[in-house]
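Here is a short briefing on one protein structure. Look at the sequence and the model first, then read the points by topic.

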Amino acid sequence: MSGGKPPPLRLLGLHGYGQNQRSFHARTGALRKALRGRAELVTLSAPHPAGPGPEPEPGVAAGPGDRLAGCGVPGPGGPGARCSPSPQDADPRCWWFPRPREGALGAREEAAPCQGLEESLEAVAGAFAAHGPFDGLLGFSQGAALVARVCALKQRGDARFPFQFAVLVAGFESSGDREPIAVPSLHVLGDADRVIPPARSRELAARFVDPAVLTHPGGHFVPASAPQKRAYLEFLAKFLK
């Protein structure tokens, strides 16, 4: 309707290693509330079963504020405490299989083929065909690394992925490609993230043309407090019609 409120944007959400559609939906509740009326998030499960639970990168210990993909909420002892898996953690999934020496997140695969990647690209393309249209992609951790690969394919003219922008939370470079990506992007990184250190996320952001970068003081999770809410809404406002 002319002069009316624009319809909310639709985002396709790609979870981190060891999560699935249900757990990512649950753990993005604060984000979905923050974006209510502006954007809706549709989550998708990865096609591959993951191991029993991800660990930090080799030689990197999880510290306060880190929330691993299989344990995405703080335990009763505080942000750095361990927590028991929730029912949503059943059936952990991944977008590709990391090599054993690289740790569960697969964050050291820049120059290596990612086993299972093609099936995941087909799953994302299938979501566009069956549940689209989508205005943007939102990925977390391994899901954000996959979002970057989809952005590169879109730029090369892959018609399976019609979207306008991407939000990448705790992402990392996984392709070894250095071709600049012109897709509008917002990169979210935690200063205290010990799973995907912020330098890895900045490295990925540097591949994008004119990226927006949002930092927060926490660890490995999708932030949605007031400062981040403002940044999300400011970025998304560029695409509301």
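## Inside the sheet

Strand β6 is largely enclosed by the rest of the structure, because 5 of its 5 residues are buried. Buried means under 20% relative accessible area, exposed means over 50%, and partly exposed lies in between (1.4 Å probe, protein chains only). Strands (E, at least two residues) and helices (H or I, at least four) are DSSP runs, numbered from the N terminus.

This is a predicted model: local features need pLDDT of at least 70, side-chain atom pairs count only at pLDDT 80 or more, and totals for chains, interfaces and linings use all residues. Residues are numbered from 1 along each chain as its sequence is written, and side-chain values use heavy atoms, with hydrogens and water left out.

**Strand β6 and its sheet**

- Both faces of β6 are covered. F165, V167 and V169 are buried on one side, and A166 and L168 are buried on the other.
- In a regular strand the side chains alternate between the two faces of the sheet.
- The open sheet has 6 strands, in the order β2-β1-β5-β6-β7-β8, and the pairing is parallel. Two strands pair if DSSP finds at least two bridges between them.
- β2 (39-44) and β8 are the edge strands, and each pairs on one side only.
- From one strand to the next, the twist averages 20°.
- β5 and β6 pair in the parallel sense over 5 bridges. Here F140 stands opposite V169 in β6.
- β7 and β8 run parallel and are joined by 5 bridges. L186 stands opposite A212 in β8.

**Helices on the sheet**

- Helix α4 lies across β1 (9-14), β5 (136-140) and β6. It runs at about 145° to β5. Axes are lines fitted to C-alpha atoms, for helices over the stretch in contact, and angles run from 0 to 180 degrees between N-to-C directions.
- Helix α5 packs on the sheet and touches β6, β7 and β8. Its direction makes about 170° with that of β7.
- Which residues of α5 (residues 198-205) are buried? They are P198, R200, S201, L204 and A205.
- These residues cover an arc of only 160° around the axis, which puts them on the same side of α5. The arc is that of the directions from the helix axis to the C-beta atoms.
- The buried residues of α5 pack against α4 (142-155), β6 (165-169), β7 (185-190) and β8 (212-216).

**Where α3 meets α4**

- Two packed helices are described by the angle between their axes and the distance between the axes.
- The axes of α3 (residues 117-131) and α4 come within 11 Å and cross at roughly 75°.
- α3 and α4 are therefore roughly perpendicular to each other. Angles of 65 to 115 degrees count as roughly perpendicular, under 35 as roughly parallel, over 145 as roughly antiparallel, and the rest as oblique.
- L117, S120, L121 and V124 in α3 meet L146, R149, V150 and L153 in α4.

- S120 lies in helix α3. Is S120 buried or exposed? S120 counts as buried, because its relative accessibility is 0%.
- Not counting residues up to four places away in sequence, S120 touches P47, H48, C94, W95 and L146. Contact means heavy atoms within 4.5 Å.
- R178 is found in the loop between β6 and β7. Leaving aside neighbours within four places in sequence, R178 is in contact with E173, E203 and R207.
- R178 and F208 are 30 residues apart in sequence. In space they are 9.7 Å apart, C-alpha to C-alpha.
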